[in-house]
Amino acid sequence: MAVFVAFFLFLGYGFDRFYVGDGDFVFPFGTFAALGVGGVSAFSSYYSGDRAVLLSTGAIPIERALGALAAAANSPDASALLVPEDDALKLRQLDNVVEEMSIAAGLPKPKVYIIPDSDPNAFATGRDAEHASIAVTRGLLDTVTREELQGVVAHELSHVRNLDIRLMTVTAAMVGAIALISDWTSRGLWQGSSGGGSRRGRSKDKNGAAIVLLVIWIVAILLAPLVGQMLAMLVSRRREYLADASGAELTRNPLALARALEKIDQAHAPTHSIKRGTAHLCIADPLGKVIGLRQGGVADLLASHPPMANRITALRQMGFLELGHE
Amino acid sequence: MWILLGVIAVLVFWGVALYNRLIGLRNQVLNGWRQIDVQLKRRHDLIPNLVNTVRGAMEFERDTLTQVMEARARAVSAAGPADAARKEGELSQALGRLFAVAENYPALRANDNVKMLQEELTSTENKVGFARQFYNDISTNFNTAQQTFPSNVFASMLGFKPAELFEITDATERQVPSVDLSMRK
């Protein structure tokens with residue numbers, strides 16, 4: 001995260017020095033402007049984003065799902081909604097598991113949602129513990145046992161507890177700001193060659209270190225969108241490991257979460273309900289195994305989740321089933 | 001002169017921050033202790049429902065059912081935390097025997113009401129356990145905050161005492177409960 005901030009500040013510094021300020025360092029209008037625009041879009045999603053995300057996935061509040069089941073059970077026309085017998089039990093178990101985990105974490109109970117998708121996945125959203133929501137797909141309920149569900153819910157609640165949503169919002173703001181600075185610069189570099197020539201001429205009179213800095217900065221600008229995205233995904237992957245560990249701390253049962261991840265990995269087809277924008281909030285990458293199958297550096301760098309095998313190994317080490325690297 | 005004032009100001013701010021942090025942790029510890037009571041009371045209220053639901057089907061297990069109800073009555077009327085801890089432990093053991101015996105009745109296993117009630121009781125047992133776990137976790141945080149250097153120099157002066165962790169006082173609770181699944185009765 002510190003690397004990310006440093007990278008952003010370096011870009012902003014260069015932008016303001018070379019571009020806005022004619023070679024001298026002036027008040028960093030450019031950096032603040034970019035951060036402002038990026039920040040506005042990101043933080044507006046911070047406040048209303050959880051509703052948008054839940055709507056986009058078609059999530060149903062658990063109370064409504066339970067009510068629909070009760071109504072279907074009581075009505076004589078049972079063919080309208082062919083619900084399995086233990087469906088009400090599973091929904092009740094989910095509700096209880098979420099409450100158990102919030103007791104273990106000392107947090108208020110988040111709102112619970114069901115996503116009618118047969119692929120097992122889960123995500124958490126909400127800007128802080130008082131406004132959090134946890135959504136689980138029907139496929140997850142059908143695949144894992146109660147113990148494993150506890151592990152998955154603990155992982156999601158840990159995202160809430162560690163304020164990962166807030167962190168990823170700030171990260172998204174900076175990625176946006178980096179993209180903006182890069183965009184403004186690249187327009188200027190192409191358009192302003194005549195004006196830039198005189199600018200560069202003037203700064204040539206100053207010391208050579210400024211030239212070197214300019215060159216480094218231009219290279220950074222060209223790579224900026226890609227590097228920004230990579231750094232953001234690096235942050236996301238580290239927070240996934242942290243959520244795994246915090247979840248194991250809540251349940252004191254890392255092996256159950258490891259088994260759940262194994263099951264999710266085996267069953268995993270792309271979760272169509274969860275769109276790209278919310279991918280980083282889920283427990284398993286909902287964009288499907290496309291990136292996972294492509295081995296190699298680039299694919300790993302752009303993935304929002306660590307490889308499942310690494311996560312499972314880390315959890316088994318916590319459960320003393322494998323040797324650590326201590 | 002100014003440097004001395006600056007140093008004193010920093011120390012005062014640090015002291016205030018430490019005091020506020022310890023106050024916050026102590027209140028969380030007290031809350032955590034009361035949360036255990038909340039879950040225990042919930043268990044007391046659920047048990048008569050369960051017993052009434054299974055009573056018809058488990059008529060041969062009258063002894064087990066009676067033991068559960070008597071253990072609940074004793075736990076409700078317990079006096080003092082140590083006594084309550086012991087009685088709650090006995091109630092947990094009685095419930096465990098009831099769950100194990102219920103496995104012998106296939107009709108009960110298929111009954112949705114019974115499954116729901118078993119789920120509620122399992123969840124309540126879990127919640128009691130997690131409430132105790134949270135209490136121990138937050139008490140450990142509190143004790144660590146008090147005992148690390150340099151806070152330990154000032155903590156007792158400011159009136160903070162280490163919190164007691166929840167522990168089993170009765171050695172019999174540490175034994176694995178014996179479960180008799182034979183059909184003798």
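Hi everyone, let's start with chain A: 39% of its 326 residues count as buried, where buried means 20 or more other C-beta atoms within 10 Å of the residue's own, with C-beta atoms placed from the backbone. Please keep in mind that this is a predicted model, in which local features need pLDDT of at least 70, side-chain atom pairs count only at pLDDT 80 or more, and totals for chains, interfaces and linings use all residues. Residues are numbered from 1 along each chain as its sequence is written, and chains are lettered from A and ligands numbered from 1 in the order in which they are written.

Chain A has 13 helices and four strands; these are DSSP runs, helices being H or I of at least four residues and strands E of at least two, numbered from the N terminus. Two residues are in contact if their C-beta atoms, placed from the backbone, lie within 7 Å. Among chain A contacts between residues at least 6 apart in sequence, 70% join residues at least 24 apart.

Now to one helix, α6 of chain A, residues 146-161. Its 16 residues reach 22 Å from first C-alpha to last, close to the expected 22 Å, which is 1.5 Å times one less than the number of residues. Why do I call α6(A) largely enclosed by the rest of the structure? Because 14 of its 16 residues are buried. After the helix comes Leu163(A), with a positive phi near 55°.

Ala154(A) sits in this helix. Ala154(A) is buried, with 30 other C-beta atoms within 10 Å. Setting aside neighbours within four places in sequence, Ala154(A) contacts Met101(A), Gly247(A), Leu250(A) and Thr251(A). Thr251(A) is 97 residues away along the chain, yet the two C-alpha atoms are separated by 6.9 Å.

Next, the cores. A nonpolar core is a set of buried Ala, Val, Leu, Ile, Met, Phe, Trp, Tyr and Cys residues joined through C-beta atoms within 7 Å. The largest has 55 residues, and those touching the most other members include Met101(A), Val152(A) and Leu157(A). Helix α4 of chain A, residues 87-105, gives the most to this core, with eight residues. Apart from it lies another core of 18 residues, Val175(A) and Val235(A) among them.

Finally, where do the two chains meet? The contact takes 15 residues from chain B and ten from chain A. On the chain B side, α1 and α5 each supply at least two residues, and α5(B) gives the most, with twelve. Thanks, everyone!

Methods. A residue is buried if 20 or more other C-beta atoms lie within 10 Å of its own, exposed if 12 or fewer, and partly exposed in between; C-beta atoms are placed from the backbone.
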